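Here is my note on the model you asked me to look over. Please read the points with the structure open beside you.

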Amino acid sequence: MQENISNTAENMYKLAENLWSYNRSITGDGVRKTLSAIKKIIPDLQIVEVPSGKKVFNWVVPQEWVVRSAYIKTPDGRKICDFEKNNLHLVGYSSPINTCISLKELKKKLYSLPEMPEAIPYLTSYYKKQWGFCISEKEKDSLPEGDYEVYIDSEFIEGSLTYGEILVKGNIDKEVFMSTYICHPSMANNELSGICVTTFLAKYLTERKDLRYSYRIIFIPETIGSITYLSQNLEILKSNVIAGYNITCVGDDRNFSYLPSRNGNTLSDYVAKHVLLHEVGDYISYEWRDRGSDERQYCWPGIDLPIASMMRTKYGKYKEYHTSLDALGSVVTPKGLLGAYNIYCAALHIIERNCYPVVTTLCEPFLSRWNLYPELGNKVGVADARLLIDILSWCDGKNSVLDIADRCKCYAIKVIDNLEIAAKAGLVNLDKKRLYNN
Amino acid sequence: MQENISNTAENMYKLAENLWSYNRSITGDGVRKTLSAIKKIIPDLQIVEVPSGKKVFNWVVPQEWVVRSAYIKTPDGRKICDFEKNNLHLVGYSSPINTCISLKELKKKLYSLPEMPEAIPYLTSYYKKQWGFCISEKEKDSLPEGDYEVYIDSEFIEGSLTYGEILVKGNIDKEVFMSTYICHPSMANNELSGICVTTFLAKYLTERKDLRYSYRIIFIPETIGSITYLSQNLEILKSNVIAGYNITCVGDDRNFSYLPSRNGNTLSDYVAKHVLLHEVGDYISYEWRDRGSDERQYCWPGIDLPIASMMRTKYGKYKEYHTSLDALGSVVTPKGLLGAYNIYCAALHIIERNCYPVVTTLCEPFLSRWNLYPELGNKVGVADARLLIDILSWCDGKNSVLDIADRCKCYAIKVIDNLEIAAKAGLVNLDKKRLYNN
Amino acid sequence: MQENISNTAENMYKLAENLWSYNRSITGDGVRKTLSAIKKIIPDLQIVEVPSGKKVFNWVVPQEWVVRSAYIKTPDGRKICDFEKNNLHLVGYSSPINTCISLKELKKKLYSLPEMPEAIPYLTSYYKKQWGFCISEKEKDSLPEGDYEVYIDSEFIEGSLTYGEILVKGNIDKEVFMSTYICHPSMANNELSGICVTTFLAKYLTERKDLRYSYRIIFIPETIGSITYLSQNLEILKSNVIAGYNITCVGDDRNFSYLPSRNGNTLSDYVAKHVLLHEVGDYISYEWRDRGSDERQYCWPGIDLPIASMMRTKYGKYKEYHTSLDALGSVVTPKGLLGAYNIYCAALHIIERNCYPVVTTLCEPFLSRWNLYPELGNKVGVADARLLIDILSWCDGKNSVLDIADRCKCYAIKVIDNLEIAAKAGLVNLDKKRLYNN
């Protein structure tokens with residue numbers, strides 16, 4: 001088990017290394033290559049293509065962006081901003097161009113970060129046709145006067161938007177929904193980490209035999225992907241999804257944080273806060289106003305899915321964010337990925353087991369009869385008979401496992417363990433009211 | 001506009017100067033002269049007479065108090081406590097008398113404030129027949145021994161209680177109710193200020209063409225006036241009034257304060273607290289137990305009107321209260337009156353526009369389509385697209401404009417501005433659920 | 001009256017002295033002798049016997065424990081741990097034995113408290129047959145090597161569990177329930193105090209002629225007694241009990257404390273907290289997790305009686321707890337008992353008078369008409385007309401007397417006094433909605 005977990009950390013990190021250099025954007029072959037690599041780990045992954053131009057709510061699926069090559073040649077013939085070397089150099093969805101311009105003209109099309117002179121920033125222009133290159137401030141400052149050759153061999157075609165989806169079937173149709181995004185190129189925490197953690201959560205779920213809920217997991221481009229997915233699956237999502245998470249920024253080992261669903265009062269929110277409190281303690285709690293990923297769509301009025309987020313360090317809250325410095329090794333580590341993976345496993349375990357238990361006795365049970373009472377100086381049966389009785393005293397059918405855990409100031413996973421011992425002894429009924437929501 | 005507002009400040013102050021010397025009490029000609037002066041500014045004001053002796057709930061409309069002259073003559077022939085010079089000198093509702101008494105006997109009938117030797121106090125004895133004079137401690141101490149002539153030429157007649165009322169019609173019958181009182185003689189903050197601010201709020205409303213709600217504004221004597229008015233209008237008030245304020249102590253420039261309705265949970269309360277928070281920030285919040293004006297009747301069990309108060313410095317909370325030192329210039333200023341006028345205008349604007357908006361799109365709107373998205377470095381359409389989206393994300397039909405403002409930590413007036421831009425673009429429906437209460 | 005109260009303190013203390021030496025356990029003659037002594041004070045007490053072996057929920061009434069004699073003889077012939085001298089010396093429910101063992105073997109059967117060398121601890125082993133003696137650490141350390149004669153002449157017989165019960169009839173069948181326990185031998189705060197305070201509360205109630213509610217008071221052994229009582233009376237308790245208390249640890253004069261019912265939201269809880277706030281101020285508030293007496297059964301899911309506790313110093317929270325040092329005089333005093341008696345009397349008074357009053361006037365009453373308004377400088381009618389009006393302003397039928405007291409920041413007993421004056425004047429209706437619960 002310990003070995004498996006250690007393997008999981010390494011395997012997630014290896015997947016990140018493999019996917020690193022693909023040119024992920026909201027459409028195109030970088031996305032397809034990424035999904036193919038994931039499918040090797042979870043073979044049941046379905047890869048879906050949605051044609052360019054399709055209307056999705058008030059948006060339209062954009063044309064596919066094809067990049068064959070992109071670079072700048074200096075007056076002294078050096079190739080810089082080479083897309084081959086780092087796809088961050090090219091502003092996302094840049095139009096094709098092949099021209100020769102002065103340094104002064106070129107600089108209007110170069111984006112850099114004066115406050116971070118070593119970093120190449122990450123920029124896109126999905127919905128306004130233009131072109132540009134991203135470069136470190138340091139390199140930009142070193143460029144000599146003269147004429148520069150600018151070459152972008154890109155193309156917009158009537159292609160498709162590509163996403164991956166897997167539905168792991170449990171005993172009932174009610175679903176837990178997880179979503180991550182595949183549109184960010186060579187950056188680690190935001191957002192190779194979400195892809196890697198989600199892939200291995202999916203793998204873990206496909207290998208379990210005892211799932212109560214079904215699990216729907218999607219790998220989509222951010223914003224347009226979630227809008228597209230919702231426009232095609234809204235009815236089933238609204239009828240089946242009882243909890244879920246948008247998985248992003250789950251790779252560094254600096255913080256844990258929580259971002260709520262819009263109203264902050266769903267099962268997903270309660271479980272996230274409970275797990276972070278008991279597993280981490282000192283986590284950062286954001287508000288709906290701090291959001292910035294696909295919960296924007298999942299929690300939009302009329303959609304109202306119960307989607308929250310547990311993150312490591314949130315997008316926008318670390319200095320390497322959206323630059324070439326958001327890298328594997330320096331920012332994202334196996335330990336960072338594993339920390340996120342573990343809290344998601346804990347959350348899913350609690351969601352699976354959450355219910356409204358009801359005691360079967362009309363007074364405190366005479367624990368000795370069930371060999372649950374610790375003998376004098378020799379505690380057997382349960383580790384802590386007092387805690388077991390405390391837990392049972394709340395099993396009135398009105399308190400969920402999570403409520404009971406909060407009332408007993410005890411981790412829900414410990415409550416679940418105690419309830420399963422008590423259920424085996426016939427002291428509590430877990431089945432009658434195993435409800436999915438509170 | 002700026003000029004208008006400056007004019008309003010000056011005009012309110014001038015009205016206060018004009019009304020200063022009238023002998024306002026709960027009945028009588030001082031009240032009638034005050035209402036006539038108001039009617040010059042708001043010609044639609046109706047002046048209503050309710051006959052003495054009329055039963056109003058468990059109270060009775062008192063006899064009318066007529067004062068022709070009142071003074072004391074000192075042994076050396078000086079006229080003091082002359083009602084002509086300051087009507088505060090005569091205890092309100094004093095019986096007639098014409099007698100000669102010793103200083104010792106006189107002093108039993110003189111009321112002064114040892115702790116404020118320059119101030120003439122304000123006293124009344126509406127429901128117990130007696131007479132008395134109010135005098136500064138300083139003057140009282142200087143009175144020589146000897147016989148004093150006491151003369152009060154007053155009379156109680158079967159007359160009437162007089163009040164003023166205006167109903168400014170809006171698009172619907174639901175009403176906002178405002179009440180102020182006309183029974184206090186020569187004092188400025190309590191209570192010429194309420195008369196002046198309310199008069200100009202009424203003027204402002206009569207000049208608007210686009211009112212949604214109707215506005216019922218009354219000028220009454222305190223306590224017996226509100227009881228009388230309620231006894232005659234209870235049914236329509238209970239069926240129509242959706243918000244309202246008792247306007248008092250709105251003239252000094254020292255503090256802002258809020259006094260709640262009985263349960264503190266009406267639209268009037270939410271709006272008052274929101275406006276004071278965003279316009280003033282650091283205001284004083286009183287409790288129901290601190291009340292002392294006509295909300296005592298408006299919020300009585302079985303009446304239960306949604307009436308709160310926004311004040312400058314509350315009655316009883318400033319040293320000049322109920323004395324001759326509560327004067328124009330020293331206590332009440334144009335700036336003080338204008339500060340109150342402005343927060344009431346803001347409150348009425350928010351009440352007018354409060355509703356439960358509903359978005360029309362099933363995901364975040366693609367703002368560029370409506371030219372609402374700020375171009376790179378050139379923000380057009382809306383000042384802040386992020387705020388607009390935040391606001392829209394709460395438009396689920398369950399949150400009022402006020403709720404949305406609180407959730408976005410933003411002034412409701414800014415929310416209203418954003419919603420009107422969005423409504424023009426068809427992104428939100430403001431009409432369907434424009435409700436008056438939450 | 002003052003004398004009566006002083007008598008009550010002395011009488012409670014005398015009862016404690018009388019009962020001190022009886023060998024109270026969960027069954028047996030010590031219990032019967034205790035109940036007989038109580039019956040002398042409250043002659044209507046019914047004494048009930050429940051046969052050994054009877055199934056009560058998932059428990060069984062145990063055999064009766066008879067002890068005729070128990071002691072140890074030292075090698076030098078001294079009698080120690082003599083049950084005659086202090087019944088704490090014998091572990092409760094010890095099996096019979098008559099043997100001779102070495103000091104080393106004996107010490108395995110001796111229980112003492114190293115951290116309290118003078119104290120004899122209190123131990124029982126109700127449900128596992130064994131024997132043992134309790135001794136002070138100091139005495140144990142002084143025992144010489146050699147052979148010890150151990151003699152316990154005890155017996156387990158098919159007898160019964162004995163408890164006492166009294167139902168004081170009021171005007172309606174709805175009941176206030178009080179429970180205390182009679183199973184603890186020679187200890188004062190836990191638990192002669194509960195017996196004594198409850199006995200004199202019962203006496204006080206039987207002497208009142210004007211009770212609205214009926215009062216059910218039981219004297220039972222802890223745990224098995226409440227389980228037995230519940231199993232026989234559940235239906236009537238669930239249908240009639242509107243409030244109640246488990247009375248324990250009410251004899252020392254060090255603290256006051258409160259332990260809630262399971263959900264902490266019953267009338268009993270509100271009254272307890274209100275009384276303690278206004279009578280004591282600085283009391284200790286425990287949680288459900290801190291419980292340890294018969295509320296464990298009374299509030300069990302499916303039982304759900306509204307039972308809380310007001311205590312002096314709680315079991316487990318004072319150093320003498322469950323030792324011979326929990327003694328009369330040193331721990332429990334007449335003053336300590338009286339303090340608890342008084343807060344229970346106050347709580348019962350408030351429960352009796354709690355209702356949802358409704359004013360009869362549609363505005364503030366014109367108090368002078370009812371001679372309730374204080375004349376100038378001569379306050380008559382009510383002590384404080386402002387408070388009376390404040391109280392009446394909350395009489396909307398939605399606020400109980402307790403709610404009104406909280407809103408007016410005033411002790412409920414003062415609210416009750418004011419309401420009774422107002423009811424006599426016809427200003428408020430107390431009868432229409434005299435409800436027992438909120």
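This is a predicted model: local features need pLDDT of at least 70, side-chain atom pairs count only at pLDDT 80 or more; totals for chains, interfaces and linings use all residues.

1. Residues are numbered from 1 along each chain as its sequence is written, while chains are lettered from A and ligands numbered from 1 in the order in which they are written.

2. The model scores ipTM 0.93 and pTM 0.93.

3. Chain A is divided into domain 1 (2-62 + 160-353), domain 2 (64-157) and domain 3 (358-429), with bounds that come from an automatic or database domain assignment. The centres of domain 1 and domain 2 of chain A, taken over C-alpha atoms, are 31 Å apart, and their contact takes 15 residues from domain 1 and 16 residues from domain 2. On the side of domain 1 of chain A that touches domain 2 of chain A there are five nonpolar, ten polar and no charged residues; here Ala, Val, Leu, Ile, Met, Phe, Trp, Tyr, Cys and Pro count as nonpolar, Asp, Glu, Lys and Arg as charged, and the others, Gly among them, as polar.

4. Chain A superposes on chain B by a rotation of 120° with 0.0 Å of shift along its axis, at an RMSD of 0.1 Å, which is the relation of a three-fold axis. Copies are superposed by least squares on the C-alpha atoms of residues with pLDDT of at least 70 in both. In chain A, the C-alpha nearest the axis is that of N265(A), 13 Å from it.

5. Chain C can likewise be laid on chain A, by a turn of 120° and a shift of 0.0 Å along the axis, with an RMSD of 0.0 Å. Between these two chains, 14 residues of chain C are in contact with 14 residues of chain A. The residues on the side of chain C that touches chain A divide into eight nonpolar, three polar and three charged.

Definitions and conventions:
Two residues are in contact if their C-beta atoms, placed from the backbone, lie within 7 Å.
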